[in-house]
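Please open the structure in your viewer and keep the selection tool at hand.

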Amino acid sequence: MSNIYKNRKYIILFLLPAFIFLTVYLYYPFFLNIFSSFRSIRTLGTYGKKWNEPWNENYVKLITDPVVRTSLVNTLYMMIATILGQVGIALVLALLVDNISKGTQFFRTVYFFPIVISATALGLLFNLIFLYDKGMLNQFLEFMGKRDLTDWKNESHALATMMLPVVWQYVGFYFVILETGLNNISEELYESAAIDGATRLQRVMYISIPMLRNVICTCLTLGVTGALKVFDLPWTMFPKGMPLKQTFLTGTYMYYQTMEAKNVDYGSTLAILIVVLGVILSRVTRRIFKESEDL
Amino acid sequence: MKMKKFAALILGITMTAVLAGCGVQGAAPAAPAAPAEEPAEETAEETSEPAGGVEITVTTTFAGEDTNAQNYKDSVAAWEAKTGNKVSDTSATSDETFKTRVITDFEVGSEPDVLFFFNGADANDFVNAGKVVSIDDIRAEFPEYASNMNDDLIAASPADGVKYAVPVNGYWEAMFVNTKVLDEAGVAMPGADYTWDQFIADCDKIKAAGYTPIAAALGNIPHYWWEFCIFNQQTPENHLDIPQSATDATGAQWVAGLNDIKDLYEKGFFPDNTLSATDDETFAMFTDDKAAFLLDGSWKVGGIVGACQSDPDDPSTLDADKVAHFDVTYFPSKGNRKTTDLVGGLSMGYYITTKAWEDPDRKAAAVSFVEHMTSDEVVPLFAQHTASALKNAPKVDESKFNPLQVKAMDMMSGVTSLTGAVQDLFNGDCRVSTFDGMPDIVEGNVDAADAVQEGIDVYKETIE
Amino acid sequence: MKRNKAGLAALYVILGLWAATTIYPLFWVIENSFKVKDKILKQSFALPIGDMFTLANYRRAFDRLSIGRAYTNSICISSCVTVGVMLLAGLAAFALVRFDFKLKKLCYTMVIAAMMFPVFSTIIPVYTMETTWHITNTSSWALNMLSVILPQIAGNISFAIIVLMGFVQSLPLELEEAAHLEGASIPQIYARIVVPLGKPSFVTVAIFSFLWSYNDLFTQMFFLRRPEMQAITRLLNELSSKEGTNYGLMASAVTLVIIPVVVVYIFLQKYIIKGMTAGAIKG
């Protein structure tokens, strides 16, 4: 740590505005949310009339509820898919785009498209692709000579059918972040490496990736925490954990309990679970992919 | 529940109401015809002509794709022109966000002056908090308020048995039929004496002919089957009872009803992917001549007719041949419920909030607004082929209706009773175990009795 | 630099294949916005030509909302959110990376945790709070806009801080030390070294802050009720009824909604240029 950054005054000056916002708009409401998790609330927007009995009812339920278990397992799969699929593909694409001279603008623009289309529309598109009767995929398989229709949303296929679109949609997001990181790397480093006779691949392995470490770590943190929160596309394609509550994720289950099942206090408890897991997992991620800083 | 009496009484009125609509169903662009001839400007019974220049906030669900969104806009404009008042309209499509918004508004004191909302258990919170004014209190000052309505048809709040909301348009639930599929399977169009056994036999034939008998997404919208299969174990008199346990008389009826659905599922009468399909998908099977029966509400008349038009917004593009093979009939009966006993009623209405009532200016304006929106001229526009609570609904010109609406009116003219949906009283998280749990019940993972008991336990906790 | 032609071609093929998967959905949405609703379920992958072509969905969308005003509101909200997020998050990220202090770990954890709070569990207290401040549910346009802008700034700050921290960590400390030796104060170092060097990163954060604020239908639905205050995403809420979803209208609404975001993105991403760091070092 450089000795120029010592002045306490600036720490407060720089951090305070952001933390005031966080406190007023996020922490204060979230403390009320913790309060809610001990109340008995049937209508969102109220604080209920009484306390839960026993007081820790929701927390006991959290441990015993089999759907929580399903959604945690699904979320774990989603995290793996996020790390390997989203960040992995995004990294490959970003490195490739970094190595071409013509068309970078084009690829940067089109890779961004999936993130801007609303989940409702993407959900419909993927529903039509995976549609049981005359969906794009089943028609294609029929054309290839397959006789019977495959229900892509049944118990054995549902998870994969749900994750594929989510992974695909957010590749562009990590792509943009990683691209920016690559652009921050000094061109001179590559030039001097080239003079030393390094091949293209060597330059990627020994310059790009190490220099990107902080940014990759940021992406992984965002990916792991994002998997806990992901909600809209899975919910549009598989509302209420269809089929047989097999496709719930922590994010969709929290939404379901709060908005659909009207078990608002339990929804609050699930929100706390999401936050706690998010903090723990982001720490673990940082520990594994340790950054230069000791955060 | 007052709804029992309501069920019997609504009949006579329904018949008039059924013939009362003069709007063109599902036809927003065609609607300009309706406002043009809207006679509301000269409503005779306006008692409270406010000074004008008052702005009231109104929240309704007549927005977006609601069939009445255009009617609502036109009626509001007519009222504004007539009184010189202004409406600050904060309507939105009815969904969970909307309900939450309304409840929160009442909690923080930013509720609208006039609210069009559900009159069932959804309104309990603000009714209990005394945030809305009862019809009787309003009549104490404005004796003509809702005087054109048949009071017996106005539903009381389940919270305190007092009437708050003045209803406009009602609904019914019945079974739509794809007659083309029936013909190809050699099955006759069901009539007013259709029984469960006949229904099962017909489904067998339809299945044997290679079609799906019932278009329903049990994993998505099991609501209608839930309601009718339970109703089938009961009569209109006791349908709105809520069981105390899964083993009492009503509880046993609920369990038997759910097991009937399981039976249909095991027989393979639902689509192969009924547990993983969305309601849109199974509805498309029905309109694509792949499935024979569709149990749904009166709002689906517009959906089916829309599917028969090359431009869903333009009634002139209606494919007459296609719409001809859709019909609507009663739900097959089993036991004491008559085939012609249907589920339906008036589940929403206009509330005036205490906040508006305590403001002298807005009080008169709010009353005038609700009187206008519930007048003999405006209500039929909204009610169309459904039901209303009007005492004297004007005659309608049947030629303005599309073929399916005419069939719907025919069916409604044979209805022997309309009973409210018990699921509206047993709402929120009570019904999670039997609605969202339906796939587990029909798959046999969960026993129907256990699921019913679980719901009852939650219900008891709610009313404590 | 010599290039292997075959290798380069393979590279373009891979990039092109992925591009195909991202272009097609957008094309699909636009194509279906010119079809009537029932055709979308049955022939969603066919081109809208001849009888199938219609402008009815757009007419309907324009009917629903005064599009011009809705765009103005949306862009106003999202621009303010973007500026607010950049100002606050930039300073905070800089301080969290460069300064060393006792509560640093706690602050970082607070940022991560705040990112996890689901909007469904925070929106109601926020709404209650803003009602008591009388900034929401008023007839004042500016206050109503502010009532959405503030929670959205808070909602995007965490993400922005985390991304910016990653970038600041990658900046070479030597430049800042050199500036310090020349007598620059810390705010000057931030404004003259960190911000210009981090420009691409700030632009990236700006893009996503804008996008998420713009697409946040739930918050907007909750705070903006009056017709003259509604944002463009409101269209997306107006598609379904008990009759079913109007998919044609949905496709046209999505098309109308995404135009500004794509424009903003194309405009902003030009600033993510290669070699900024190198140039600064030379200069």
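This is a predicted model, in which local features need pLDDT of at least 70 and side-chain atom pairs count only at pLDDT 80 or more, while totals for chains, interfaces and linings use all residues. Residues are numbered from 1 along each chain as its sequence is written, and chains are lettered from A and ligands numbered from 1 in the order in which they are written.

Select chain B. Its secondary structure comes to 20 helices and twelve strands (DSSP runs, numbered from the N terminus: helices are H or I with at least four residues, strands E with at least two). Of its 464 residues, 60% count as buried, that is, with 20 or more other C-beta atoms, placed from the backbone, within 10 Å of their own.

Next, select residues 69–83 of chain B, which form helix H3. How far apart are its end C-alpha atoms? They are 21 Å apart, which agrees with the 21 Å that 15 residues should span at 1.5 Å a residue, the expected span being 1.5 Å times one less than the number of residues. Among the buried residues of H3(B) are Tyr72(B), Val76(B) and Trp79(B). Just after H3(B), Gly84(B) takes a positive phi of about 75°.

Technical notes
A residue is buried if 20 or more other C-beta atoms lie within 10 Å of its own, exposed if 12 or fewer, and partly exposed in between; C-beta atoms are placed from the backbone.
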